[in-house]
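Reader: I have just opened this one and would like someone to walk me through it. Could we take it piece by piece?

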Amino acid sequence: MTLGYDRPLYILAFDHRGSFRKAFGFTELGAEERERMSDGKMLIFEGVQRAISDGAQADRTGILVDEEYGSDILRQAKKDGVVFAMPAEKSGQDEFDFEYEDWQSHIEDFDPTFLKVLVRYNPEGDEETNGRQTERLRQLSDWLHANDRKFLFELLVPAEPGQLESVGGDEDRYDAEVRPGLMLTSIVQLQQAGVEPDIWKIEGIDKREDCQKLAVQARSHGRDQVACVVLGRGADDDKVAHWLRMGAGLPGYIGFAIGRTIWSGPLKSFIAGDLDREAAAKAIGDNYRTFIDVWEQASSEQAVEGPEPSVPERPNPPVAE
């Protein structure tokens, strides 16, 4: 199986669990509360379906939803031939670990297009924590590729205290000046440890040249089809649109994985009774299509021509096939 994914991909992400519960204001979860949360996720899926019926290209759309509240959606997506991803991680943990001890059987049961992980990894963070995470991720990566399955890796690089102090405690400066270099080092370290995603899900980057460096590293040493997608971080429309424009058109960037920016407002209005179900689904679909339009327009305007810049040779392990 060739490593990577080489088609445009626009993922609507709603695998949130703890934060999704907060959207409903639930302090305790019983059967009724869980059913309402599952229905909320179904509403978001209906928004994707509405977007497709209104003109979004079905072969480029995708969803990311969890098993806990979205199992019916996962099975419907499989039945309908929709590209879909499901998470493997415990929700809300600083250190990556598997949601289920028998994670392999859950993957085989739902048979997703991609298995997704969210990982908080700072190369200058605690070495023991990074080591434990990396070993679990290598194990997952090996198993997925041995079983002809695709791997979607969401990399978050939270600031260490000293890194934040270096920019005067300014989180925006950390994001712009410090995080891109740390993300690059993180990808290198994970690749060298044998962690081989097919797609890197990348936090928004403010400068196009930083996006390019990350994409080049993702595709280094024979990983020619490995791709990057831009994630939304729940930011406002203008910020997410800017991040999309920074990646669009670059070799290696194939799309996005955006969640709360698309569905949070319509979902809250639905919960409050200000929008009926049809109107809320339409609003989600319209928001989703708006970001598809941003990406596709920027891609056509900003396509990069010429060879990709080279990166220094590093002793990376062989690419999984």
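Author: What follows goes through the sheet, some helices and the pockets in turn. This is a predicted model, in which local features need pLDDT of at least 70 and side-chain atom pairs count only at pLDDT 80 or more, while totals for chains, interfaces and linings use all residues. Residues are numbered from 1 along each chain as its sequence is written, and side-chain values use heavy atoms, with hydrogens and water left out.

Reader: Okay, what do the strands form, and how many are there?

Author: They form a closed barrel of 8 strands, running β1-β2-β3-β4-β5-β6-β7-β8 with parallel pairing. On average, neighbouring strands of this sheet are turned by 25° against each other, direction ignored. Strands here are DSSP runs of E with at least two residues, helices are runs of H or I with at least four, and both are numbered from the N terminus; two strands pair if DSSP finds at least two bridges between them.

Reader: Which helix packs on that sheet, touching β1 and β8?

Author: That is helix α11, residues 277–302, which touches β1 (9–14), β2 (61–65), β7 (227–231) and β8 (253–258). Its direction makes about 155° with that of β8, where axes are lines fitted to C-alpha atoms, for helices over the stretch in contact, and angles run from 0 to 180 degrees between N-to-C directions.

Reader: And Gly285 in that helix, is it buried or exposed?

Author: Gly285, which is found in helix α11, counts as buried because its relative accessibility is 1%; buried means under 20% relative accessible area, exposed over 50% and partly exposed in between, with a 1.4 Å probe and protein chains only. Leaving aside neighbours within four places in sequence, Gly285 is in contact with Gly47 and Ala51, contact meaning heavy atoms within 4.5 Å.

Reader: What joins β2 to β1 and β3?

Author: There are 5 bridges between β1 and β2, which run parallel, and Ala13 has Leu64 as its bridge partner in β2. On the β3 side (residues 83–87), 3 bridges join the two parallel strands, with Val83 as the partner of Gly62.

Reader: Switching topic, which residues lie nearest the centre of the largest pocket?

Author: Those are His16, Ser19, Leu118, Glu154 and Arg260, out of 25 lining residues, and the pocket has a volume of about 510 Å³. On a 1 Å grid over the protein atoms alone, a pocket is an open set of points where a 1.4 Å probe fits, with protein on both sides within 12 Å along at least five of seven lines, and lining residues have an atom within 4 Å of a point. A volume is the space filled by probe spheres set on the points, which are joined across faces, edges and corners.

Reader: Which helix gives the most to the lining of the second largest pocket?

Author: Helix α7 (residues 171–192) does, with 5 residues, in a pocket of about 250 Å³ that is lined by 13 residues.
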